[in-house]
Amino acid sequence: MSVMAFDRPRVLSGIQPTAGSFHLGNYLGAVRQWVALQESHDAFYMVVDLHAITVPQDPAELRDNTRLAVAQLLAAGLDPDRCTLFVQSHVPEHAQLGWVMNCLTGFGEASRMTQFKDKSAKQGADRATVGLFTYPILQVADILLYQANAVPVGEDQRQHIELTRDLAERFNGRFGETFTIPAPYIVKETAKIYDLQDPTAKMSKSAPSPKGLVNLLDEPKVSAKKIKSAVTDTDTVIRFDEKEKPGVSNLLTIYATLTGTAVPELEHRYEGKGYGALKTDLAEVFVEWVTPFRERTQEYLGDQETLDSILAKGAEKARAVAAETLAKTYERMGLLPAKH
Ligand code: TYM
């Protein structure tokens, strides 16, 4: 690591390995920003396997999906020489600081987390685990361990970052300046990518139907078909208007981001042409982008030795930072230091 790294502001973020393939919302809302930020920031990115087990996981699948998530992050452009890439469970301090943060969070405060309400409603509140309930608090620990200045995520994570700020301020107020207060880093244009069949709902792996979900590792032909059958509206005008034309606007956002073209330029280009033309072209743009992404993912996955050595180095770098923060936290709270 260069000395410079210490002068740069720090970012941290995480992604769950649960679905196997990342979807377009994960990529445009978060991972794309991670790639850009490794140039200007001291960047820590992780695959959050401890968060994944808040819902039941098949052990063999979880192991495979964790490696697959890492391979996709590398294929998307993360460079282990420019960022610290690791698996959450390789750094035990996450669970340790998680406990401390559990003891700092009010029960009512945790009960207000909307993601828990949504997720537990889906599987039946009685079947939800306590781990799912305290999930945001583990996320707080993830962020505070690294003294992150900013957290690049999609809009759905905003509330968890607000909780992180609240708990950091509470701890600092009670025990003295310990944690950096992190800011959300949410890019407005791509903060929420919508389901192609229901453009009022966010694109999500747990959508009721997979028809509006674009998985990056699916056969490109399958995704092209989904894009061509995206719901638009009964009008024919191609104009960005999230309220009146959510379907068209979502397609324009995806198109603009994947090609680096401004939305007004696209509106101009498609003036007088129908939705069919826009969808056909976007399907082509997507296939062209995703084909090499899939190939690169397979290549990284095929070289397990390299993958595991990247993760070993990442964990070592991450632990150096995390252990220091945890020791300081314990000391501030009055936990008796162990004598070695
Ligand atoms: P996860 O795995 O659900 O999603 C990973 C990232 O993808 C973003 N995202 C979206 N962005 C735009 N539009 C969408 N439709 C869309 N769907 C998902 C998410 O906002 C996220 O940034 N709790 C986190 C993981 C986590 C974490 C952390 C994040 C654990 N610890 C510490 C930041 C910092 C989660 O479940 O993300």
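Student: What volume does the largest cavity have?

Tutor: About 60 Å³ in this predicted model. A cavity here is a set of points, on a 1 Å grid over the protein atoms alone, where a 1.4 Å probe fits but cannot get out. Grid points are joined across faces, edges and corners, and a volume is the space filled by probe spheres set on the points.

Student: How many cavities of 30 Å³ or more does the count come to?

Tutor: One, by this rule.

Student: Which residues line the largest cavity?

Tutor: Q115, F116, K119, L132, Y135, P136 and H160, where lining means having an atom within 4 Å of a point. α6 and α7 are the elements that give two or more residues to that lining. By class, the lining has four nonpolar, two polar and one charged. Ala, Val, Leu, Ile, Met, Phe, Trp, Tyr, Cys and Pro count as nonpolar, Asp, Glu, Lys and Arg as charged, and the others, Gly among them, as polar.

Student: OK, how do the axes of α6 and α7 cross?

Tutor: At roughly 165°, with the axes of α6 (residues 114–123) and α7 (residues 130–145) coming within 10 Å. That makes α6 roughly antiparallel to α7. Angles under 35 degrees count as roughly parallel, over 145 as roughly antiparallel, 65 to 115 as roughly perpendicular and the rest as oblique. Axes are lines fitted to C-alpha atoms, for helices over the stretch in contact, with angles from 0 to 180 degrees between N-to-C directions. Helices are DSSP runs (H or I, at least four residues), as strands are (E, at least two), numbered from the N terminus.

Student: Is that crossing left-handed or right-handed?

Tutor: The α6 and α7 crossing is right-handed. A crossing is left-handed if the near helix is turned anticlockwise from the far one by less than a right angle, and right-handed if clockwise. On the α6 side the contact (heavy atoms within 4.5 Å) uses F116, K119, S120 and Q123, and on the α7 side L132, F133 and Y135.

Student: New topic: what volume has the second largest pocket?

Tutor: About 300 Å³. A pocket is an open set of points with protein on both sides within 12 Å along at least five of seven lines. It has 15 lining residues, and K188, E189, T190, F240 and E242 are the closest to its centre. The lining splits into six nonpolar, four polar and five charged residues.

Student: Which element gives the most to that lining?

Tutor: α10, with three residues. α1 (24–37) and α10 (246–259) each supply at least two.

Student: And where do α1 and α10 meet?

Tutor: L24, Y27, L28 and R32 of α1 meet I254, T257 and L258 of α10. Five of these contact residues are nonpolar, one is polar and one charged. The two axes come within 12 Å and cross at roughly 50°, so α1 and α10 are oblique to each other. Their crossing is left-handed.

Student: Last pair: how do α9 and α12 cross?

Tutor: The axes of α9 (residues 220–228) and α12 (residues 275–302) come within 9 Å and cross at roughly 155°. That makes α9 roughly antiparallel to α12, and the crossing is right-handed. Among the contact residues are P220 and I227 of α9 and F286 and R294 of α12. The contact divides into eight nonpolar, three polar and three charged residues.

Methods. Residues numbered from 1 in each chain as written. Predicted model: local features only at pLDDT ≥ 70, side-chain atom pairs only at ≥ 80, totals over all residues. Heavy atoms only, no water.
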